[in-house]
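Subject: Structure handover

Hi,

Here is the structure I promised to pass on. Have a look at it first, and then read my notes below.

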Amino acid sequence: MDTQPAPTVASQPDEITREVVDLMANLVGLFHREYEEAAAARSLTGAQAKVLALLRRGPMPMRHIAQTLSCEPSNITGIVDRLESRGFVTREADRQDRRVKLVAATQTGAAASEELRESLNFAREPLAALGPEERTMLRDLLRRMLAGASGPGA
């Protein structure tokens, strides 16, 4: 009886795994390109648009924004300054710890973020080619992959 453990995907990727990784990389590239273009069409940088998208979850500390976007807190300060000057976000003291500043989207900022989100078309047409069950399966598989991933975006 063979007692050797089966090779794992992480240790020895097979051809299908390699192809899936390449396909995901292509999708990510398409998404980033379209996201940057959609942001620019609204006079936003990609980073500003990402901050507004994060704030759809609700107000959050600037440190959490920096961690989620994997950037320095000082970068987030500049991004938030520019968004605040345009009326897209506000800063408010955290009620539980007044030393912490929470960033919150204004109605204008939330509307701009939603408009940008609605303008992203790169996946709509390809996803429309899948039936409802296939889209549900894809969603569930992606959720499972993200749940097993580690890191700030997971």
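Let's start with the sheet. S1 and strand S3 (residues 101-105) run antiparallel to each other and are joined over 2 bridges. Strands here are DSSP runs of E with at least two residues, helices are runs of H or I with at least four, and both are numbered from the N terminus. Two strands count as paired if DSSP finds at least two bridges between them.

Before I go on, a word on the model. It is a predicted one, where local features need pLDDT of at least 70 and side-chain atom pairs count only at pLDDT 80 or more, while totals for chains, interfaces and linings use all residues. Residues are numbered from 1 along each chain as its sequence is written, and side-chain values use heavy atoms, with hydrogens and water left out.

Back to the strands. S2 and S3 are also antiparallel, with 5 bridges between them, and Val89 sits opposite Ala105 of S3. Put together, this gives an open sheet of 3 strands in the order S1-S3-S2, with antiparallel pairing. Strand S1 (60-61) and strand S2 (89-93) are at the edges with a single partner strand each, so one side of each has no neighbour in the sheet. Helix H4 (residues 73-85) packs on the sheet and touches S2 and S3, and its direction makes about 115 degrees with that of S2. Contact means heavy atoms within 4.5 Å. The angle is taken between N-to-C directions on a scale from 0 to 180 degrees, using axes fitted to C-alpha atoms, for helices over the stretch in contact.

Next, the charges. Side chains of opposite charge can pair when their charged atoms come close. The structure holds 7 salt bridges, each being a side-chain nitrogen of Lys or Arg within 4 Å of a carboxyl oxygen of Asp or Glu. Here are some of them:

- Arg99 and Asp97 meet at 2.9 Å, N to O. Arg99 is exposed at 73% relative accessibility, whereas Asp97 is partly exposed at 24%. (Buried means under 20% relative accessible area, exposed over 50%, and partly exposed in between, with a 1.4 Å probe and protein chains only.)
- Glu114 and Arg117 have their closest N and O atoms 3.9 Å apart. Both lie in helix H5 (residues 107-119), 3 residues apart, which is about one turn of the helix. Glu114 is partly exposed at 31%, and so is Arg117 at 44%.
- Arg139 and Asp140 come to 2.7 Å between their closest N and O atoms. Arg139 is partly exposed at 38%, and Asp140 is partly exposed at 35%.
- Asp81, Glu84 and Arg91 are linked in a network of salt bridges.

Finally, which residues make the nonpolar surface patch? Ile16, Val20, Val21, Met24, Leu127, Leu138, Leu142 and Met145 do, over about 650 Å². Helix H1 (15-41) and helix H7 (132-148) are the elements that give two or more residues to the patch, and H1 has the largest share, with 4 residues. Leu142 is in helix H7 and is partly exposed at 37% relative accessibility. Patches take residues with over 30% relative accessible area and no salt bridge, joining like charges within 9 Å and nonpolar side chains (Val, Leu, Ile, Met, Phe, Trp, Tyr) within 5 Å. The areas come from the Shrake-Rupley method with a 1.4 Å probe, and for residues only the protein chains shown count as cover.

Cheers
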